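The following questions and answers are meant for a reader who is new to this structure. Please look over the sequence and the model before reading on.

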Amino acid sequence: MIRKITFLLLFSCLSIPVFSQSNLKTENVILITLDGFRWQELYTGIDAGLMNNEEYVENQDHLKELYWAENPELRREKLMPFFWTTIAREGQLYGNRNAGNHVNVTNGLFFSYPGYNEILTGYADEKVDSNDKIWNPNKTVLEFVNEQPEFAGKVAAFASWDVFPFIINSQRSGIPVNAGFEPVEGTELTDRERFLNELISEIPSPWGTVRLDAFTHHYALEHLKTDKPRLLYVAYGETDDFAHDGDYEAYIKSANQTDRFIRQLWEFVQEEEQYRGKTTFIITTDHGRGTEPTDQWRHHGADVDGADEIWIAAIGPDTPALGELGESGQLYQNQIAKTVAELLGLNYQNKVVVGDAINTIIQNSN
Ligand SMILES: [Zn+2]
């Protein structure tokens with residue numbers, strides 16, 4: 001019966017998105033990004049060369065005590081315990097190039113706006129070629145989902161970087177995007193939201209366009225509690241900025257803290273009737289960073305070798321527990337948008353061909 005409906009819908013009104021799934025448990029998706037966090041640290045933990053380089057780390061013994069282990073598997077678990085206990089056991093991890101598993105961006109630029117455009121629209125657009133505050137002419141999967149009647153008003157985004165309202169085009173899409181140094185607005189704010197609004201004006205950020213991730217995280221968590229979105233996007237930003245600053249200690253500590261934040265979101269989800277057993281997390285990054293020569297870990301962009309190398313993680317009720325994926329895998333950044341939509345039972349298309357959904361993430365994928 002469901003097949004028949006899909007069939008009829010397909011041929012009666014091609015422009016209306018059809019439900020392609022009927023047997024998925026996922027009803028909510030949380031999409032998470034860590035700006036410019038390298039696969040090297042995700043898969044092998046803290047880097048010995050950078051940890052011991054006094055140009056990048058002031059307090060080397062302290063960092064070593066917290067995150068060092070001889071064995072890379074122990075090292076990565078110290079750095080990203082949620083990834084390497086919960087996700088590795090119950091979900092999937094792509095992009096460990098040491099194991100022959102690759103994930104790449106398809107835009108040729110390897111910096112943020114082109115990367116987020118690719119993640120969120122499902123294709124690389126060569127006209128998106130700067131990080132300027134330009135209203136994105138392209139429609140994102142967030143906007144597409146928000147247009148579906150059963151998801152209308154149930155999509156939201158929280159981001160540390162103040163360019164996100166433009167990337168998601170909050171003006172056109174109508175999606176609430178809280179980003180940069182904006183407090184959250186509303187007549188019925190929670191105590192925590194009011195307190196965060198006070199702190200955000202009191203605590204100086206190290207950067208002009210990016211707030212500290214704790215604000216993004218706790219605003220997003222409050223929104224989850226009070227508004228119950230079905231598609232939430234959380235874009236953490238610190239890792240990229242600390243790397244540009246050449247502060248490896250802060251880059252590492254931020255990655256570790258973001259792992260805790262993601263665990264906190266996951267644990268909250270397990271406590272809530274709307275979300276428990278019905279929510280999938282997709283986690284990724286907008287670009288990689290360099291490795292050679294040493295100082296290239298700070299940088300990315302078209303002229304930095306390896307800055308197109310990224311990773312993807314997934315965990316949820318429709319995602320088989322394959323753990324860390326091995327040899328001869330190849331995924332692309334442009335596959336995330338369609339994967340998010342398909343998990344929500346929607347067949348996402350755009351004005352140009354988008355990357356295929358990642359079928360291994362969706363067990364009962366047709
Ligand atoms: Zn950057």
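A residue is called buried if 20 or more other C-beta atoms, placed from the backbone, lie within 10 Å of its own, exposed if 12 or fewer do, and partly exposed in between. This is a predicted model, in which local features need pLDDT of at least 70 and side-chain atom pairs count only at pLDDT 80 or more, while totals for chains, interfaces and linings use all residues. Residues are numbered from 1 along each chain as its sequence is written.

Q: What percentage of the 366 residues in the chain is buried?
A: The C-alpha trace spans about 65 × 50 × 45 Å along its principal axes. Of the 366 residues in the chain, the buried ones make up 49%.

Q: How many helices and strands does the secondary structure of the chain come to?
A: Helices (H or I, at least four residues) and strands (E, at least two) are DSSP runs, numbered from the N terminus. Counted in this way, the secondary structure comes to 15 helices and 10 strands.

Q: What is the radius of gyration of the chain?
A: The radius of gyration is taken over C-alpha atoms, and the globule rule is 2.2 Å times the number of residues to the power 0.38. For 366 residues the rule gives 21 Å, and the value for the chain is close to this, so the chain is as compact as a globular protein of that length; its radius of gyration is 20 Å.

Q: Which elements do the buried residues of α7 pack against?
A: Helix α7 covers residues 112-121 and is mostly covered, with 10 of its 10 residues buried; among them are Y113, Y116 and I119. Two residues are in contact if their C-beta atoms, placed from the backbone, lie within 7 Å. The buried residues of α7 pack against β1 (28-34), α8 (141-147), α9 (164-167), β7 and α15 (336-343).

Q: Which residues of helix α6 are buried?
A: The buried residues of α6 pack against α2 (39-44), α5 (72-79), β2 (92-94), α14, β8 and β9. In this helix, which runs over residues 81-90, the buried residues are F82, F83, W84, I87 and A88.

Q: Why is α12 described as roughly parallel to α14?
A: Axes are lines fitted to C-alpha atoms, for helices over the stretch in contact, and angles run from 0 to 180 degrees between N-to-C directions. Angles under 35 degrees count as roughly parallel, over 145 as roughly antiparallel, 65 to 115 as roughly perpendicular and the rest as oblique. Helix α12 (residues 213-227) and helix α14 (residues 248-271) have their axes 11 Å apart and pack at an angle of about 5°, which means that α12 is roughly parallel to α14.

Q: Is α11 roughly parallel or roughly antiparallel to α12?
A: The axes of helix α11 (residues 191-202) and α12 come within 10 Å and cross at roughly 160°. That angle makes the direction of α11 relative to α12 roughly antiparallel.

Q: Which residues of α11 and α12 make the contact between these helices?
A: By class (Ala, Val, Leu, Ile, Met, Phe, Trp, Tyr, Cys and Pro count as nonpolar, Asp, Glu, Lys and Arg as charged, and the others, Gly among them, as polar), the residues of this contact divide into four nonpolar, one polar and three charged. They are R192, E193, L196 and I200 of α11 and F215, H218, Y219 and E222 of α12.

Q: What is the phi of K228?
A: Most residues other than glycine have a negative phi, and most peptide bonds are trans. K228 is found in the loop between α12 and β6 (231-236), and is partly exposed, with 14 other C-beta atoms within 10 Å. Although K228 is not a glycine, its phi is positive, at about 50°.

Q: Is S328 buried or exposed?
A: The place of S328 is in the loop between β9 (323-324) and β10 (329-332), and its phi is positive, near 60°. With 8 C-beta neighbours inside 10 Å, S328 counts as exposed.

Q: Which residues is P229 in contact with, leaving aside its neighbours within four places in sequence?
A: P229 lies in the loop between α12 and β6 and is buried, with 23 other C-beta atoms within 10 Å. Leaving aside neighbours within four places in sequence, P229 is in contact with K154, V155, A156, H223 and L224.

Q: What is the omega of the peptide bond from E292 to P293?
A: P293 sits in the loop between β7 (279-284) and β8 (312-315). The peptide bond from E292 to P293 is cis, with omega near -15°.
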